[in-house]
Amino acid sequence: MTTLLISQTNGSAHATPSGHAERQERIEAAARALDHPRFGALMREMAAPGDLELAELVHSPKVMDTIRAIRPAEGIGQIDPDTFVSARSLEASATALGGVLRGIEAVILGEAHNAFILARPPGHHAERDRSMGFCLVNTIAIAARQAQRLYGAERVAIIDFDVHHGNGTQDIFADDPSVFYASSHQMPLYPGTGAPHERGVGNIVNAALEAGSGGQEMRAAYKEQILPALDNFAPDLILVSAGFDAERRDPLAQLEWVGADYAWLTGKLMDIAEKRCSNRLVSMLEGGYDLGGLASGVSAHVGMLLTGEAGPDYDD
């Protein structure tokens, strides 16, 4: 396999209050893990800024207007109780978007089989009309629509294994049969959406997991619900909202996943990417708030993308 790692030089431009769970140290912890010699074969690039005007592909103008109105000249402004914007947050958002767009370009053009984008802020909670849940714009949703516009990817699948339901991605694509969205998430938990009966126009699959459940329950949910639906959708491109907050140490949730679970799930998504879309899979960081748990999950995920094998015990 050929895996492209796209990193971000200006993640710290998005400042959050002291003690906030979504912080630059997350990126640094994951980056240290990926500096291990076992990842020496990764292709590596730094993200260039993307055009945030593309946000209007999936968001109403209200979203960017609100961000710009609240964004302070210095310091930190507050959009909602959890979501903040600082003077240079949009610079970080632009490079996060540029990173995933470059990842899509690389897999579509055959420069890499798959790609992982290590960037912040996350995006999957941002709905059509509002920023929320640490997320300013829905980066992966913008990227999905741009892949359809630029590369003719008529059928795009987004798989979201963040522990929190991606209400924003579901909100944006619930009426669009050209985009498949599937989420595994703890329920009940923030943001309170993602019940199994929420099916859009038949393009949405939600697998709700109980607090305290682990890899066995996750595997059953994917085998019985998400993977068959994804295969049947026959995507031209698979995008992944890769949150690592289902890891057992995460402070914001109560699932019990370990590194081997992320490796297993990644391998299953790769199998369908190989079968349906010439390995075209692009993954992007969403959540994950325990630094050790995040590093473990990222290592397992990227290790599988790179080698196609579970490799060593990543849960150390």
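This is a predicted model: local features need pLDDT of at least 70, side-chain atom pairs count only at pLDDT 80 or more; totals for chains, interfaces and linings use all residues.
At what angle do the axes of helix H7 and helix H8 cross, and within what distance do they come? Residues are numbered from 1 along each chain as its sequence is written, and side-chain values use heavy atoms, with hydrogens and water left out.

**View 1. Packing of helix H7 (residues 259–277) with helix H8 (residues 291–307).** The two axes cross at roughly 30° and come within 8 Å; axes are lines fitted to C-alpha atoms, for helices over the stretch in contact, and angles run from 0 to 180 degrees between N-to-C directions. H7 is therefore roughly parallel to H8 (under 35 degrees; over 145 is roughly antiparallel, 65 to 115 roughly perpendicular and the rest oblique). The crossing of H7 and H8 is right-handed, the near helix being turned clockwise from the far one by less than a right angle. In H7, Gly 259, Tyr 262, Ala 263, Thr 266, Gly 267 and Met 270 meet Ser 296, Gly 297, Ala 300, His 301, Met 304 and Leu 305 of H8, where contact means heavy atoms within 4.5 Å. This contact comprises six nonpolar, six polar and no charged residues (Ala, Val, Leu, Ile, Met, Phe, Trp, Tyr, Cys and Pro count as nonpolar, Asp, Glu, Lys and Arg as charged, and the others, Gly among them, as polar).

**View 2. Packing of helix H3 (residues 89–108) with helix H4 (residues 139–151).** Here the axes come within 10 Å and cross at roughly 40°, which means that H3 is oblique to H4. H3 contributes residues including Ala 96, Leu 97 and Val 100 to the contact, and H4 contributes residues including Thr 139, Ile 142 and Ala 143. By class, the contact of H3 with H4 has 10 nonpolar, two polar and one charged residues.

**View 3. Cis peptide bonds at Pro 188 and Pro 191.** Met 187 and Pro 188 are joined by a cis peptide bond with omega of about 5°. The bond from Tyr 190 to Pro 191 is likewise cis, with omega near 5°. Pro 188 is placed in the loop between strand S7 (179–186) and strand S8 (204–209), and Pro 191 also lies in the loop between S7 and S8. Helices (H or I, at least four residues) and strands (E, at least two) are DSSP runs, numbered from the N terminus.

**View 4. Backbone at Ser 278.** Although not a glycine, Ser 278 has a positive phi of about 55°. Ser 278 is in the loop between H7 and strand S10 (281–285).
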